[in-house]
Amino acid sequence: MEPLSEDDPRRLGPYHLIARLAPGDDDPRAAARLFLARSAGGVRTVLISAPSAEFADDAAYRGRFLTEAENARRLGGARPLACLAPVEISGNASDLPWSAFPYRPMLPLPGVLQVCGGPLPIRTVHALGAALAETLAEIHGAGLTHAGITPGTVFVAGDGPWLGGFGAVRTAGPDGQARMGLSGLAADDLPPEQAAGGRPRPLGDVYALGAVLAYAVTGRRLPDAGELPRELRSIVLPCLAPDPADRPTAAALADGLTRGVWLPPPAGLTVGPSGPTPTVLDGGPARPPAPVPAGGPGSTALDGGTRGAAALLNLDWLPAPVVVALAEQSAATLAAEVEPAEAESTADAPLEEGAPAPGEVPGAPESIGAGRGDAPGAPHAPTRLSGGVTAARSPSRQDAARRSRRTLLIGAAGGTAGIALGGGATWLATDEEPPPPTTAERLAAAGHSRRRLAGAPPTPLWRHDLTGGPPAHPPLIWADKLAVVANDTAVIGVDLHTGKRLWAQDQVRPKGRLLPVGKDSILVPGDDGLAALSAGTGDIQWRPKSFRRGGRTPYAALLAAEGGTVWLAAGGQGSGSADDGVVIAYDLTGRKELWRSPLPGGFDEGYLTRDALVVRGDTFQAFDRERGTRRWKRSYEGVTGGRPVTTDGRSTLIAAVSTTLRGYGLAHGGGPAWSVRAKGEAGSGHTADFGAPVVHDDVVYAADGGYAVHALSTATGEVRWQRTYAFAMKTLSGARTPDTAVDPSGRTVLMANDVEVDAFDAEDGALRWRFMDLGAAADKGSVVARRRVAVTDDLAVVVSGRSVYALPLS
């Protein structure tokens, strides 16, 4: 789930758009966008599908979009056994077309792999494939072809997969025209015959599903045969046969994935009489099926238990990180702010099954019956319907009202995959009732307040996407006007209040943390010396040759900056040995060197106190800030290379030494004056290590690897507060300890890791909110990049992978 981009609409029909559900970084640019949206006052939460900006002005595409949505709605209404999700279709052909579906938390398949940190477990792929194959068998049995299956159109919810993108291949290009390279189509998922321009047919869906399963179990598009697990190799490889005649049918594929799988009926359920009930799944006649056994839709007349995909979609079919991510998405959706409720309109009335579209679609064809051939289609939002594997008598509304919660849960577990067909869905189900409202829908309908829920993150003010690799350091906030971000290709200045790029400078190669200097300059350490950029334009103001490679004193490390003065470590004029190093104070405003003093090599960190520059290497040395004379040389017990260190700017050095945070008399050296042990656990009962400490006034804040946050007195180590949080997502964060930041006013403490950013009240450590985005991978196939945070009194600027977000703190 990602914030809206500049090209995205803010409102469609009666709905306020609040976020985008992204298919994943490794998917092609989609021909349709999928949004999360809320009605006025937050009464109803929906998914909305609309053409991408590329096709927004394409009249032919817009017509196909609306036509397909109407076709699918009518198709669903023509099938009495189909349990359709409610659908709403835009009625004004002159505006951007859209179609709306009920919302429930779900992730696109690439996002699921990102959350899991790689390929999915075999049990999950079995369940995913079986549910999708059974759904395709239903579609093919009705004489239709999906023609739009890719990893980006497979969505995973807690109760099973959803299938979107219906008709994407037909929409991208007509039959007879080569489709390779067309927008919205991935060559790796496109059957060879469809890539060449052939008409999409059922066995092409099987090829695409095989490609999806190969991706899910390896994390790669069309991997080599040897990369597939042995358990799935004989099932997936036939699906990818170049000749359609060599591929299995969807029904055969479903059988291969579920053969021998059986879940006994829950205790206390009455099992109906055994005996097969022919359906379109097994090639039997499509006659009215037998009644549902007394046990409900999870227990069918086939076997007195649950077989097929329903048996695989048990309570532990999803990896735990995915379950947590779905909960995160639900909380973020509930927390989104929308406009207050407006005057009553038809948009606020519940969507009814089979309800007519709000307006006639120009050129909409006649109703399509089950068994009729394919119609031109467009990708649409996914929908999901509950029900068992086998068709059965539809209970009355009175019967449905009497069902127990346990039966409803069994019914949900017995479902297979839902499918979006424009404005409707093809489904062979056991219940004519619409699915019960999700938790998100129930809670959203219960309250109309614009206040965020406690613990829910603020809605980002903007998001800016970068080109190139992810930044390795936090952004620099300049004068509360500019967020400056540096990666491997350029330094970029972004308007702090709008997220718009103001300038980019690609003539320097940043390597290190940016620092503000003077009134209007930004200091950029690079591979080849230092450069100062104009904060207003990004132009290079200063790049002395003497500090570049081959210069008189080649730059080695940026130590500190304050006002217009810069302190740096550099090489000397001699032979280049370690003894030739110097520390230099340079007045950037006057463009003159203030002083230099000898400094051995290996000193690459600096800390400013009131009257000294403290530099760190194998030992610590202090130099007078004004004259450059060396004051002292010290070592501190336990503070070795790589230990995170800071100072309080006065007389105390604070270091994270493994599982303890220690304070030392800066000018005295030796052992610590105080020491506090971490409260978090790293696993197996071991105490977690501390991360880098941050000082604000007389308080030092630090987080440990067990997600405990500490606030201590810098002078005495007295504990102001310590809070331990059982964050479920910490297992995804890797071995690195979280980073900590404090806003300039000292009101908010932020903790950032590989998965999320958490905000705490600096007064007592109370958790304010947690922010986690999905789909911001640093590279294809990777989970996510380290979150980097900079903070003002009002905003937290978060870098996540190649995306930059602005989150309001108030």
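Two strands pair if DSSP finds at least two bridges between them. Strands β22 (residues 555-562) and β23 (residues 565-570) meet that rule with six bridges, in the antiparallel sense. The model is predicted.

- Strands of a sheet pair through backbone hydrogen bonds, either parallel or antiparallel.

**A six-stranded sheet**

- Six strands make up an open sheet, and their order is β1-β2-β3-β4-β6-β5.
- The pairing in this sheet is antiparallel.
- Its edge strands are β1 (11-12) and β5 (88-89), and each of them pairs on one side only.
- Within the sheet, β3 (residues 32-39) pairs with β4 (residues 45-51) over seven bridges.
- R38 has T45 of β4 as its bridge partner.
- In a regular strand the side chains alternate between the two faces of the sheet.

**Helix α2**

- Helix α2 covers residues 109-116 and is mostly covered itself, with seven of its eight residues buried.
- The buried residues of α2 are L109, P110, G111, V112, L113, Q114 and V115.
- G117 follows the helix, and its phi is positive, near 80°.

**The largest nonpolar core**

- Which residues touch the most other members of the largest nonpolar core? They are L109 and V154, in a core of 52 residues.
- Several elements give two or more residues to this core, among them α2, α3 (122-141), β8 (154-157) and α10 (320-335).
- Helices α6 (202-218), α7 (230-239), α8 (250-258) and α9 (308-312) are also on that list.
- The largest share comes from α6, which supplies eleven residues.
- Leaving aside residues up to four places away in sequence, L109 touches L120, L128, P151, V154, V156, V212, Y215 and A216.
- Y215 also has a charged neighbour: R221 lies over the face of its ring, at 5.3 Å from the ring centre.

**A133 in helix α3**

- A133 lies in helix α3.
- Is A133 buried or exposed? A133 has a relative accessible area of 0%, so it counts as buried, the cut-off being under 20%.
- Beyond residues up to four places away in sequence, A133 touches L209, A250, L253 and A254.
- A133 and D255 are 122 residues apart along the chain, yet their C-alpha atoms are separated by 8.8 Å.
- An α-helix has 3.6 residues a turn, so residues three or four places apart point the same way.

**Aromatic pairs**

- How many aromatic pairs does the structure hold? There are nine.
- W542 and F547 form an edge-to-face pair, because their ring planes stand at 75°, and the cut-off for that label is over 60 degrees.
- The ring centres of W542 and F547 are 6.2 Å apart.
- Both partners are buried: W542 has 6% relative accessibility, and F547 has a relative accessible area of 3%.
- Ring pairs link W542, F547 and Y586 into a cluster.
- F620 and Y636 are edge-to-face too, because their planes meet at 80°. Their ring centres are 5.0 Å apart.
- F620 belongs to strand β28 (residues 620-624), while Y636 lies in the loop between β29 (630-634) and β30 (645-647).
- The pair therefore ties together parts that are 16 residues apart in sequence.
- F620 is buried at a relative accessible area of 2%, and Y636 is buried at 4% relative accessibility.

**R787, a buried arginine**

- Where is R787? Its place is in the loop between β43 (767-771) and β44 (788-791).
- R787 has a relative accessible area of 1%, so this residue is buried.
- The side chains of R787 and S800 are joined by a polar contact of 3.2 Å.
- S800 is one of the residues that R787 touches, not counting residues up to four places away in sequence.
- Its other contacts include D739, A752, N753, D754, V755, E756 and V757.
- D773, V798 and V799 are also among the residues touched by R787.

Terms used. Residues are numbered from 1 along each chain as its sequence is written. This is a predicted model: local features need pLDDT of at least 70, side-chain atom pairs count only at pLDDT 80 or more; totals for chains, interfaces and linings use all residues. Side-chain values use heavy atoms; hydrogens and water are left out. Buried means under 20% relative accessible area, exposed over 50%, partly exposed in between (1.4 Å probe, protein chains only). Helices (H or I, at least four residues) and strands (E, at least two) are DSSP runs, numbered from the N terminus. A polar contact is a pair of N or O atoms within 3.5 Å; within protein, one must be able to donate a hydrogen and the other to accept it, and residues adjacent in sequence count only if both atoms are side-chain atoms. Contact means heavy atoms within 4.5 Å. Rings of Phe, Tyr and Trp (its six-membered ring) pair if their centres lie within 6.5 Å; planes under 30 degrees apart count as stacked, over 60 as edge-to-face and the rest as tilted. A charge sits over a ring if NZ of Lys or CZ of Arg is within 6 Å of the ring centre and within 35 degrees of the ring normal. A nonpolar core is a set of buried Ala, Val, Leu, Ile, Met, Phe, Trp, Tyr and Cys residues joined through side-chain atoms within 4.5 Å.
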